[in-house]
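Trainee: I would like to go through the terms used for this structure and see what each one rests on.
Mentor: Then let us take them in turn.

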Amino acid sequence: IADYVARANEDIAVIVQAEHIEAVQHIDAIAATPGVDALFVGPFDLSLSMGKAGQVDDPEVVAAIARVEEAGRAQGLALGYF
């Protein structure tokens, strides 16, 4: 187990899914959390949490997705989008 613990940070990726508007509201702190390797946006769930179910092209939803991307880039994190 000692070898596993020593390698865990290199072998395991921590990917945070930003699928709720509350996650977007706190995305800078989330992205800056030590150990987070990537941010992943779930646009359909995000739009639902914003009261815009399935409206992934709505300007507010697009802006929220862009906000996640901006926070990820600022921290040098990998970004994913469903």
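Trainee: Why is Val 5 called exposed?
Mentor: This is a predicted model, and the value is computed from it. Val 5 has a relative accessible area of 56%. Exposed means over 50%, so Val 5 is exposed. Its place is in helix H1, residues 2–11.

Trainee: Which residues make the nonpolar surface patch?
Mentor: Ile 1, Tyr 4, Val 5, Ile 12 and Val 14 make a patch of about 530 Å². A patch residue needs over 30% relative accessible area, and Val 5 has 56%.

Trainee: Is Asp 58 buried or exposed?
Mentor: Asp 58 has 15% relative accessibility. Buried means under 20%, so Asp 58 counts as buried. Asp 58 is found in the loop between helix H4 (43–49) and helix H5 (59–75).

Trainee: What makes the meeting of Lys 52 and Asp 58 a salt bridge?
Mentor: The N to O distance between the side chains is 3.4 Å, and the cut-off is within 4 Å. The pair therefore meets in a salt bridge. The 3.4 Å contact is also a polar contact, for which the cut-off is within 3.5 Å.

Trainee: Why is Lys 52 called buried?
Mentor: Its relative accessible area is 16%, and the limit is under 20%, so Lys 52 is buried. Lys 52 also forms a salt bridge with Glu 60, with the closest N and O atoms 3.6 Å apart.

Trainee: What makes Arg 67 and Asp 28 a pair that links distant parts of the chain?
Mentor: Arg 67 forms a salt bridge with Asp 28, the closest N and O atoms being 2.3 Å apart. Arg 67 lies in helix H5 and Asp 28 in helix H3 (residues 27–31), 39 residues apart. Asp 28, Arg 67 and Glu 70 are linked in a network of salt bridges. A search of the whole structure finds five salt bridges.

Trainee: What makes E1 and E3 edge strands?
Mentor: The open sheet has three strands in the order E1-E2-E3, with parallel pairing. Strand E1 (15–18) and strand E3 (78–81) each pair on one side only. The twist averages 20 degrees from one strand to the next.

Trainee: How do you know that E1 and E2 pair?
Mentor: Pairing needs at least two bridges. E1 and strand E2 (residues 38–41) have four bridges, in the parallel sense, so the two strands pair. Gln 17 stands opposite Phe 40 in E2.

Methods:
Residues numbered from 1 in each chain as written. Predicted model: local features only at pLDDT ≥ 70, side-chain atom pairs only at ≥ 80, totals over all residues. Heavy atoms only, no water. Patch = residues over 30% accessible without salt bridge, like charges linked within 9 Å, V, L, I, M, F, W, Y side chains within 5 Å. Areas by Shrake-Rupley, 256 points an atom, 1.4 Å probe, with all protein chains shown as cover. Buried < 20%, exposed > 50% of the residue type's maximum accessible area, 1.4 Å probe, protein only. Polar contact = N/O pair within 3.5 Å; in protein donor to acceptor, adjacent residues only side chain to side chain. Axes fitted to C-alpha atoms, helices over the stretch in contact; angles between N-to-C directions.
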